[in-house]
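This report describes the arrangement of a single protein model, from its sheets to its domains and helix packing. The sequence and structure are shown first.

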Amino acid sequence: MAQLSKGSSRIYGEAAFEILAKAQELEKKGTNILHFEIGEPDMETPLNVVEAGIKAIKDNKTHYVPSIGIPELRKAVQNEIEKTRGYRPDLEQIVITPGLKPGIFFSMLSIVNPGDEVIYQDPSYPTYGSVTSFLGAKGILIPLLEENDFRMNPDDIKKRINNKTKLIVINSPQNPTGSVLTKNEIMEIAEIAEENDIYIISDEIYSKMTYETTHYTPTMRDEAKDRTVLLDGFSKYYAMTGWRLGYMVTPIEMANRLQDFLVSAISCTTSFTQWAGIEALTGDQTFITDMMKRFLTKRDRIVNGLNSISGFNCLSPKGAFYVFPNIKNTEMTSEKCANYLLNKAGVAVLPGTAFGPGGEGYLRFSYANSIGNIDEAIDRIKQLFE
Ligand SMILES: Cc1ncc(COP(=O)(O)O)c(C=O)c1O
């Protein structure tokens, strides 16, 4: 019998898509489902961006383009990094990818060897662990504690570093907890990486999605020239999840390698979405301010609502559009509680364990939904726990 590769048995998927399938199955049978499991904004892509994409298609910008990205978008990203991160990377450091996720995949492929150790947060976005395991490396989990507002403690990183440590993956604002690392914490992590000669991948997909606080990047320390890699993209704050567009700022040597990964895997990122991306970065930015105003109202509504339910305890996160309530007093496991909410109340959420063992005792709600649906979900859950 032919055998699949060993790596293919080690890579894994995302519970969000499994829960979505279960919820859709119930919907087919006539159950009214309120969706809080999906990690994407509930707004449409801004019209100016859509029109730029359509114009690019009509202008026949529909052919192969450089695998590393079109120069016009790479220049727009260069300006964007200068504006938002305070340093101007060289053009050669900028790589365009079809969404941020391939940026995680290809940068990990170019950094990590089998047997290496990769440090990341627990709970965290499942891709980091999946790719670590695929590569035959060992995941070293840093617990995110509710007592510390789910922020990673740099001392916990220090304690776990040894001569096998190759990479630290950080994500701030964070999925699933919504936590945002402080400038000091970010700089401390960057220093630890420098002292120990370790790479950092910084997943900054929620960089423009903070409340009452500012986003910082570890790439400020070396301007992504030596060991830090910045990943960001258009999916979340431009509501462009389906366009598949992201970018990386990396050391030049790595960008050159990534170019070959991209040639081998995808040839290039879709040409016309890149033109839409230029419009997103250089056009009117009020879309983001408006979206964040609305998200702030929704965050406060869901946090207050969840805290009014017996057995639930919810912090007020400073970023992204997720809340991560503690449900330990319900005396159910995360998995059981998520299934209970889906089957008995028609409220689809993710168990905290979908993001690692540290998520036990928590649920993740994505509040990219209407105020009406948030209120309705809270009412339905409250009735279950009265
Ligand atoms: C932390 C994090 N990184 C990356 C992604 C994926 O981004 P993209 O859709 O641009 O690949 C997500 C999406 O949920 C995410 O939460």
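## The seven-stranded sheet

An open sheet of seven strands runs in the order β2-β8-β7-β6-β5-β3-β4, and its pairing is mixed. Helices (H or I, at least four residues) and strands (E, at least two) are DSSP runs numbered from the N terminus, and two strands pair if DSSP finds at least two bridges between them. At the edges lie β2 (94–97) and β4 (138–143), each of which pairs on one side only. From one strand to the next, the twist averages 20°. Axes are lines fitted to C-alpha atoms, for helices over the stretch in contact, with angles from 0 to 180 degrees between N-to-C directions.

Helix α8 (residues 183–196) lies across β5 (165–171), β6 (199–203) and β7 (228–233), and runs at about 170° to β5.

## Basis of the model

This is a predicted model, in which local features need pLDDT of at least 70 and side-chain atom pairs count only at pLDDT 80 or more, whereas totals for chains, interfaces and linings use all residues. Residues are numbered from 1 along each chain as its sequence is written.

## Two domains

The domain assignment, which is automatic or taken from a database, divides the chain into domain 1 (6–44 + 286–385) and domain 2 (63–282). Their centres, taken over C-alpha atoms, are separated by 25 Å. The contact takes 33 residues from domain 1 and 33 residues from domain 2; two residues are in contact if their C-beta atoms, placed from the backbone, lie within 7 Å.

On the side of domain 1 that touches domain 2, the elements giving two or more residues are α1 (6–10), α12 (286–307) and β9 (322–323). The largest share, five residues, comes from α12. This side of domain 1 comprises 18 nonpolar, eight polar and seven charged residues. Ala, Val, Leu, Ile, Met, Phe, Trp, Tyr, Cys and Pro count as nonpolar, Asp, Glu, Lys and Arg as charged, and the others, Gly among them, as polar.

## Ligand surroundings

The ligand is surrounded by 13 residues, the closest being Gly99, Leu100, Lys101, Asn175 and Ser235. A residue is near a molecule or strand if its C-beta atom, placed from the backbone, lies within 6 Å of it. The shell divides into three nonpolar, eight polar and two charged residues.

## Helix packing around α14

Helix α14 (residues 371–385) packs with α12 at an angle of about 5°, the axes being 10 Å apart. The two helices are therefore roughly parallel, a term for angles under 35 degrees; over 145 counts as roughly antiparallel, 65 to 115 as roughly perpendicular and the rest as oblique. Lys298, Arg301, Ile302, Gly305 and Leu306 of α12 meet Ile371, Ile374 and Ile378 of α14. This contact has five nonpolar, one polar and two charged residues.

Helix α13 (residues 334–345) packs with α14 at about 105°, with axes 10 Å apart, so α13 is roughly perpendicular to α14. Leu341, Lys344 and Ala345 of α13 and Arg380, Ile381 and Leu384 of α14 make the contact, which holds four nonpolar, no polar and two charged residues.

## The three-stranded sheet

A further open sheet has three strands in the order β9-β12-β11, with antiparallel pairing. Its edge strands are β9 and β11 (350–351). Strand β11 pairs with β12 (residues 363–366) over two bridges, and proline 351 stands opposite leucine 363 in β12.
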